[in-house]
Amino acid sequence: MRSAQKPISAARIAEELGVVKRTVYRDVATLIAQGVPIQGEAGVGYVLEPGFHMPPLMLTPNEIAAAVLGAQWVQTRGEPELARAAAKLIAKIAAVSPDHAQMSFVAPPTSVAPVSAVPETLEAGDMRRAIHNRVKVRIGYKDSNGAMTERVIWPILLGYRDEGRILAAWCELRAGFRYFRTERITGADVLDARIPRRMDILRAEWRAAMEAERLGFESREHP
């Protein structure tokens, strides 16, 4: 609406934002109730009155440094989809930050060491969506000895390291929680079958199992 020269329809806003028109109607009504000077109505279009400005994003230097450093880490260690998202995120934050903060984005005082990319066949974006949608995944997996197995897993969490990623999941083959190094996953098919557990419960059980494993390891190390 800020850049439109004439009333902009809810359909166009919905298309631009990737939402349904009902969401646009609801959010516009909320903005109007909060005092944003939007004129128009459903079926006609909306226009933002001149003179309205969003306040700048007030971040401290340390907050900006943290945001930039985090994005740099993702850009160098995340898969291409997340790396592009990290670059866009910083551009968006810079666009709404005050002028005096711009040098922190142009020449940030922090950096991360480069790493070599670990070759892998896993589509991490598909795995994140599988976790979000609570569906099972069939994977081919090669262990440290080179032995191949096919497993159906319930993905719980995708962990990012300096080099490579680790997938935490419930393994139907082993009937227990396991970690899978993603560079050892030789193929993955996201299934339609839903995980028969609530994700919050599954994660709580996973954390409890990992804590029990940690305590058992410490007791063996220090009997």
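**Notebook: fold overview and helix α7**

I counted secondary structure and got 7 helices and 7 strands for the chain, taking DSSP runs numbered from the N terminus (helices H or I, at least four residues; strands E, at least two). I am working with a predicted model, where local features need pLDDT of at least 70, side-chain atom pairs count only at pLDDT 80 or more, and totals for chains, interfaces and linings use all residues. My residue numbers run from 1 along each chain as its sequence is written, and side-chain values use heavy atoms, with hydrogens and water left out.

Next I read the order from the N terminus: α-α-β-β-α-α-α-α-β-β-β-β-β-α.

I then checked the overall dimensions. The chain has a radius of gyration of 24 Å, while a compact globule of 223 residues would come near 17 Å; the radius is over C-alpha atoms, and the globule rule is 2.2 Å times the number of residues to the power 0.38. Along its principal axes, the C-alpha trace spans about 70 × 45 × 35 Å.

I looked at burial too: 30% of the 223 residues are buried (under 20% relative accessible area, 1.4 Å probe, protein chains only).

Then I turned to α7. This helix covers residues 199–221, 23 residues in total, and reaches 33 Å from first C-alpha to last, close to the 33 Å expected at 1.5 Å a residue (1.5 Å times one less than the number of residues).

Which residues of α7 are buried? I found M199, L202, W206 and M210. An α-helix has 3.6 residues a turn, so residues three or four places apart point the same way. The cover over the buried residues of α7 includes α6 (124–133), β4 (148–160), β5 (165–171) and β6 (176–181).

Note on methods:
Buried means under 20% relative accessible area, exposed over 50%, partly exposed in between (1.4 Å probe, protein chains only). Contact means heavy atoms within 4.5 Å.
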